[in-house]
Amino acid sequence: MSDALLSARGLGLTFGPITALDEVHADLWPGEVLAVVGESGSGKTTLLNVLSGRMAPDAGTVWYRDPARHLHDLHAMPAPQLRALHRSDWGFVHQNPRDSLRMRVSAGGNVGERLMAQGIRHYGDIRAAAQDWLAQVEIDPARIDDLPHTFSGGMLQRLQIARTLVTHPRLVFMDEPTGGLDVSVQARLLDLIRTLVTRLGIAVVLVTHDIAVARLLAGRLLVMQGGRVIESGLTDQVLDDPQHPYTQLLVSSVLSA
Amino acid sequence: MMMLEARGIAKTFVLHLQGGTRIPVLDGVDLQVRAGECVALSGPSGAGKSTLMRSLYGSYRADAGSILIRHGGVMVDIARADPRLVLRVRRDSLGYVSQFLRVVPRVPALDVVAEPAVARGVPLDQARRAAAALLDRLNIPHRLQALPPATFSGGEQQRVNLARGFIAGHPVLLLDEPTATLDDANRDIVIGLIREATRRGAAVVGIFHDAAVRGAVARRTLNVQPHRDAA
């Protein structure tokens, strides 16, 4: 874990009788994409919420290394510091872009807002950055003053990605980023995420139920069942040579087109 | 110089969904490949040639033995290395041409081919030029190079896959049936690519069903025998 951006040790969390996380360990290094797969209720979204500090565990610690290489116990950080982290060094891409976008603010405003939160005040610079990012996520920059509700689902997801990446985060959490989109739109978004993540060297924790998405984007993979990580390793090795009975079931249940 | 040294590789698949059925495939396989050498894997269908290939690449987890691959100045054991190190070895030192092309659906063939070079730090423009040259050589017309390969014929997809495998100049190269769906003219082009790779010092391991290809490129053959206990 020496250079890891994020290290989780012994995470546990229960909701009443339900075990959401049980002795979970995970590390994330700079520039890598780590996928977390599993079925509904496996604990993968809970893990994402705990790793990103949005939810506190009952047991265990998440260590975060800041750009100055200092280690922080994420869940012991004061709330304002954690919020600042989410506005700068980190980003979060939700399955539903409406959970992060402000629907009454223009597309450009949505992208520029994160820059303003970092203290950038020059209007021309913010607008130029917003235009640049709209182009990068393949939204016509002429739509900069349009409200998000005039956008399609795929465009909203791309707008959310622009809003997230404009501050050049080192680490982005993604919760089913291609879920709920048409297949052709999914392919375009996958290509976009892969290109941007590679070019910018961003580290990503990607939660998905879609094994094909994990295969195309992630170098490493965690498989979760009942709150536990039951298998982990190289993505292609886990998927092509699964060792655990549940992973074998998961892989063999995928319909191939 | 030794580039690939596998010792005592064993692999048994355990099918938990079929009552824990065990399928032993490899047992004590040794393989050494030096720089500039091409070794062909032979043996009947089902003997475990592809299993051996995938174990050498790390897609299958060897149960026993070691798989040393030269990576920079050191030998890395693919069978035991940390996943992140395996990914670096694959990026810089170990290439693999599988039988099937597996890529993001929307990406043009040109970028599919350029990607491994870009991953090694080649500037995008330069990588695209190299990709175009390689695709030209493999007779993929310009109008196809700008399109995603999903709609290409089997032979065209295989040539895109080959271009992707050869572009980064990996010092160790694994080729699984690289000419299976190619016509004679394209087959000869692939023979030329393999010979150029070994001439520049690459170590190549290949499965070549086509005896003419095998004869043209391989200096040695490793005979993979069906496992004695296999059902």
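Chain A is divided into domain 1 (1-89 + 171-257) and domain 2 (94-168), with bounds that come from an automatic or database domain assignment. The model is predicted: local features need pLDDT of at least 70, side-chain atom pairs count only at pLDDT 80 or more, and totals for chains, interfaces and linings use all residues. Residues are numbered from 1 along each chain as its sequence is written, chains are lettered from A and ligands numbered from 1 in the order in which they are written, and side-chain values use heavy atoms, with hydrogens and water left out.

**The two domains of chain A**

Taken over C-alpha atoms, the centres of domain 1 and domain 2 of chain A are 25 Å apart. In contact terms (heavy atoms within 4.5 Å), 20 residues of domain 1 of chain A meet 17 residues of domain 2 of chain A. The area buried between these domains is about 1600 Å², and carbon and sulfur atoms give 59% of it. Buried area here is the accessible area (1.4 Å probe) that two parts lose on being put together, summed over both. On the side of domain 1 of chain A, Arg87(A), Arg188(A) and Leu192(A) supply 30% of the area buried against domain 2 of chain A, more than any other three residues.

**The two chains**

The table sets out values for each chain. Helices (H or I, at least four residues) and strands (E, at least two) are DSSP runs, numbered from the N terminus. Buried means under 20% relative accessible area, exposed over 50%, and partly exposed in between (1.4 Å probe, protein chains only). Accessible areas come from the Shrake-Rupley method with a 1.4 Å probe; for residues, only the protein chains shown count as cover.

| Item | Chain A | Chain B |
|---|---|---|
| Helices and strands | chain A: 9 helices, 10 strands | chain B: 8 helices, 9 strands |
| Buried residues | chain A: 54% of 257 residues | chain B: 51% of 231 residues |
| Accessible surface | chain A: about 10900 Å² | chain B: about 10200 Å² |
| C-alpha box along the principal axes | chain A: roughly 55 × 45 × 35 Å | chain B: roughly 50 × 40 × 35 Å |

The radius of gyration is taken over C-alpha atoms, and the globule rule is 2.2 Å times the number of residues to the power 0.38. For the 257 residues of chain A, a compact globule would have a value near 18 Å, and chain A agrees with 18 Å. For the 231 residues of chain B, the rule gives a value near 17 Å, and chain B agrees with 18 Å. Of the contacts in chain A with a separation of 6 or more, 65% are between residues 24 or more positions apart. In chain B, 68% of the contacts between residues at least 6 apart in sequence join residues at least 24 apart.

**Where the chains meet**

Contacts link 22 residues of chain B with 25 residues of chain A. Together the two chains bury about 2200 Å², 55% of it on carbon and sulfur atoms. Within chain B, the residues that lose the most area to chain A are Arg61(B), Arg84(B) and Arg106(B), together 30% of what that side buries.

Helix α9 (residues 245-252) of chain A has Tyr246(A), Thr247(A), Gln248(A) and Leu250(A) as buried residues. Their cover includes β1 (2-15) of chain B, along with β3 (33-37), α7 (211-217), β9 (220-225), β10 (228-234) and α8 (235-240) of chain A.

**Nonpolar cores**

A nonpolar core is a set of buried Ala, Val, Leu, Ile, Met, Phe, Trp, Tyr and Cys residues joined through side-chain atoms within 4.5 Å. The largest one has 87 residues, of which Phe166(B) and Ile194(B) touch the most other members. This core lies between domain 1 (1-89 + 171-257) and domain 2 (94-168) of chain A, because both give residues to it. Apart from it lies another core, of 36 residues, among them Ala6(B), Leu52(B), Ala79(B) and Leu94(B).

Setting aside neighbours within four places in sequence, Phe166(B) is in contact with Leu134(B), Leu173(B), Leu175(B), Leu193(B), Ile194(B) and Ala197(B).

Ser66(B) sits in strand β4 (residues 64-71) of chain B and counts as buried, at 15% relative accessibility. Beyond residues up to four places away in sequence, Ser66(B) touches Glu5(B), Ala6(B), Arg7(B), Ile9(B) and Asp77(B).

Ser232(A) belongs to strand β10 of chain A and is partly exposed, with a relative accessible area of 41%. Neighbours within four places aside, Ser232(A) is in contact with Leu221(A), Leu222(A) and Val238(A). The C-alpha atoms of Ser232(A) and Leu189(A) are separated by 26 Å, and these residues are 43 apart along the chain.
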